[in-house]
Amino acid sequence: MVTVTIATSIDDACAALDSDPGALVMAGGTDLMVEVNRGTRLVGNVVAVDRVPELRGWSLEGDRSDVLRLGAGTTCADLAEPSLAKLVPALAQAARTVGSPQIRNAATLGGNLATASPAGDTLPVLAALDAEVELRSSAGTRRLPLDEFVVGVKVNALVPGELITAIRVPVLNGPQEFLKVGTRNAMVIAVTSLALVVDRPGRTVRVALGSVAPVPVRAIEAEVLAAERCDFDGMSVPPDEVVERFAILTADAARPIDDHRGSAAYRRHAVSVLARRAIRRAFSGVPSVAA
Amino acid sequence: MTTSEDFSLVVNGSHRSVVDALPGESLLFVLRERLGLIGSKNACEEGECGSCTVRLDGETVCSCLVLAAAAADREVVTIEGLTSEEAVLSDVQQAFLDAGAVQCGFCTPGLLMAVDALLDADDEPDELTVREAISGNLCRCTGYGRILDAVDRAASARRSQVTP
Ligand SMILES: Cc1cc2nc3c(=O)[nH]c(=O)nc-3n(C[C@H](O)[C@H](O)[C@H](O)COP(=O)(O)OP(=O)(O)OC[C@H]3O[C@@H](n4cnc5c(N)ncnc54)[C@H](O)[C@@H]3O)c2cc1C
């Protein structure tokens, strides 16, 4: 008999997975049920984790309360709430572009991460923030940096019986942007996306791209240029030649392919447009944005 | 709690038992095919069209993407539960009629659920807010003009109901 276990605690879920490591973990179901309805995924035993309160909350950690721990069950709607949006604005912007209100009410951060789609909207933001993924099973807890968790197109580092319990990101002092290009504005999978975060005290800019490679990519050379040439005190708009160079270096980091959503050439072009837009918005001459 | 082919749902305030469900049945399927609640419509089965929108513990979701057995004992409100008495139209339903926002009618139940939830949260939404709130509901007849008009009418009806 096929069973659905409705977990109400992390221990509960781990115990259920321990006795049946092949069981399917289901959170919001917005990725899984599409496959189930299509008949491309056979349903065996399910462990539903959408009623585990411990997975839903968030908290600030660290000596200076500058690390945000987000439960894996935090929904995209939760992420877009003002209280979280002010801590990680780019993540809120990304979450708000996911699907529609109905999808955002169900879709979770953990589900977006576990699906590990190149077009997953939270992924470039998590990459730019150097997020850390917390995993738990009955064997214990481990933490992985994002780039060791998302390892290929829809491939993650979860082992059977393991749950994502939380995602940790720094709370930075500085502006953030998430930009997405799709075939329309609402309910659209990204053709290209870009996340940019500024750390003013650290005098660094971090940029990551989505939908242009198997996994989210960082534009390291563009980051080096921005660190050298941007004005982290006055936040003044960078000179045009710096913006241009930044856009070229960012586009160079992309490794796009031609597919049904867009050509590689279009994607590379779109990345440069988004890079220009993001750096100009972040450094817009308003020093108070991050004060 | 572990459920299998037999479980119980709370739909529009009543406990409804589901027996002999097959693995993987969606809430939409169970509502329509097992409980006879055919107001929620089945079109895309992939969350794109919104015609199956219900409230689950108060929040709008696509019922096609909810595993029915995992929704056991959660509060489900369908279009049939939008008003307490069947013969009475809700403010949103009346506004859709008055504005002529219903053509073929297939998207209407989902839209009514989405708009009702919007007005619960904000009874004076600006146009951008309305457009975002209904971005998960596809209508291929109206071009949305009359739907936006209906939301305006429903919003003012709701504001006038709330005694200041
Ligand atoms: C109409 C529609 C539009 C969409 N639009 C977008 C979009 O614009 N951008 C975007 O990025 N995505 C989009 N998606 C995809 C989807 O909504 C997201 O990927 C979502 O975040 C998945 O979360 P979920 O909780 O629904 O995952 P589920 O479907 O429940 O699970 C997805 C995967 O994650 C695993 N999983 C879930 N939680 C955990 C956990 N805690 N531990 C371990 N594994 C776990 C599951 O086993 C499964 O493999 C869309 C989907 C639909 C149906």
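## A loop residue in chain B

E45(B) sits in the loop that joins helix 1 to strand 4 of chain B. Helices here are DSSP runs of H or I with at least four residues, strands are runs of E with at least two, and both are numbered from the N terminus. The model is predicted, so local features need pLDDT of at least 70 and side-chain atom pairs count only at pLDDT 80 or more, while totals for chains, interfaces and linings use all residues. Residues are numbered from 1 along each chain as its sequence is written, chains are lettered from A and ligands numbered from 1 in the order in which they are written, and side-chain values use heavy atoms, with hydrogens and water left out.

E45(B) is not a glycine, yet its phi is positive, about 55 degrees. Most residues other than glycine have a negative phi. E45(B) counts as partly exposed because its relative accessibility is 30%; buried means under 20% relative accessible area, exposed over 50%, and partly exposed in between (1.4 Å probe, protein chains only). D57(B), in the loop between strand 4 and strand 5 of chain B, also is not a glycine and has a positive phi, of about 45 degrees. At 43% relative accessibility, D57(B) is classed as partly exposed.

## Helix 1 of chain B

Helix 1 of chain B spans residues 27–34, and within it L27(B), L28(B), V30(B) and L31(B) are buried. The cover over these buried residues includes strand 2 (7–11), strand 3 (14–18), strand 4 and strand 6 (75–77) of chain B. After the helix comes G36(B), with a positive phi near 70 degrees.

A70(B) belongs to the loop between strand 5 (59–62) and strand 6 of chain B. Its C-alpha is 9.0 Å from that of L27(B), although 43 residues separate the two in sequence. A70(B) counts as buried because its relative accessibility is 7%. Beyond its neighbours within four places in sequence, A70(B) is in contact (heavy atoms within 4.5 Å) with V4(A), I6(A), A48(A) and R51(A).

R55(B) is part of strand 4 (residues 53–56) of chain B. With a relative accessibility of 13%, R55(B) counts as buried. Its side chain reaches the backbone oxygen of G58(B) at 2.6 Å. A polar contact is a pair of N or O atoms within 3.5 Å; within protein, one must be able to donate a hydrogen and the other to accept it, and residues adjacent in sequence count only if both atoms are side-chain atoms. Neighbours within four places in sequence aside, the residues in contact with R55(B) include E75(B), M113(B), D116(B) and D120(B).

N137(B) lies in the loop between helix 4 (127–133) and helix 5 (145–161) of chain B. It counts as buried because its relative accessibility is 1%. A polar atom of the N137(B) side chain is 3.2 Å from the backbone oxygen of G110(B). Residues up to four places away in sequence aside, N137(B) touches Q102(A) as well as chain B residues including C49(B), T53(B), L111(B) and Y144(B).

## The ligand site

The ligand lies between chains A and B. Around it are 35 residues, of which V25(A), T30(A), D31(A), T108(A) and D121(A) come nearest; a residue counts as near if one of its heavy atoms lies within 4 Å. By class the shell has 19 nonpolar, 11 polar and 5 charged residues. Here Ala, Val, Leu, Ile, Met, Phe, Trp, Tyr, Cys and Pro count as nonpolar, Asp, Glu, Lys and Arg as charged, and the others, Gly among them, as polar. Helix 8 of chain A gives the most to the shell, with 4 residues.

Oxygen atoms of the ligand lie 2.6 Å from a side-chain N or O atom of T30(A), 2.9 Å from a polar side-chain atom of N112(A) and 3.2 Å from a side-chain N or O atom of K180(A). The protein covers 92% of the 980 Å² of accessible area that the ligand has on its own, with areas taken from the Shrake-Rupley method with a 1.4 Å probe.

## Nonpolar cores

The largest nonpolar core has 78 residues, and L113(A), L126(A), F149(A), I167(A), V169(A) and L9(B) have the most contacts inside it. Such a core is a set of buried Ala, Val, Leu, Ile, Met, Phe, Trp, Tyr and Cys residues joined through side-chain atoms within 4.5 Å. Helix 9 (residues 122–128) of chain A supplies the largest share of this core, 5 residues. Another core, apart from this one, has 34 residues, among them L196(A), L209(A), V212(A) and C230(A).
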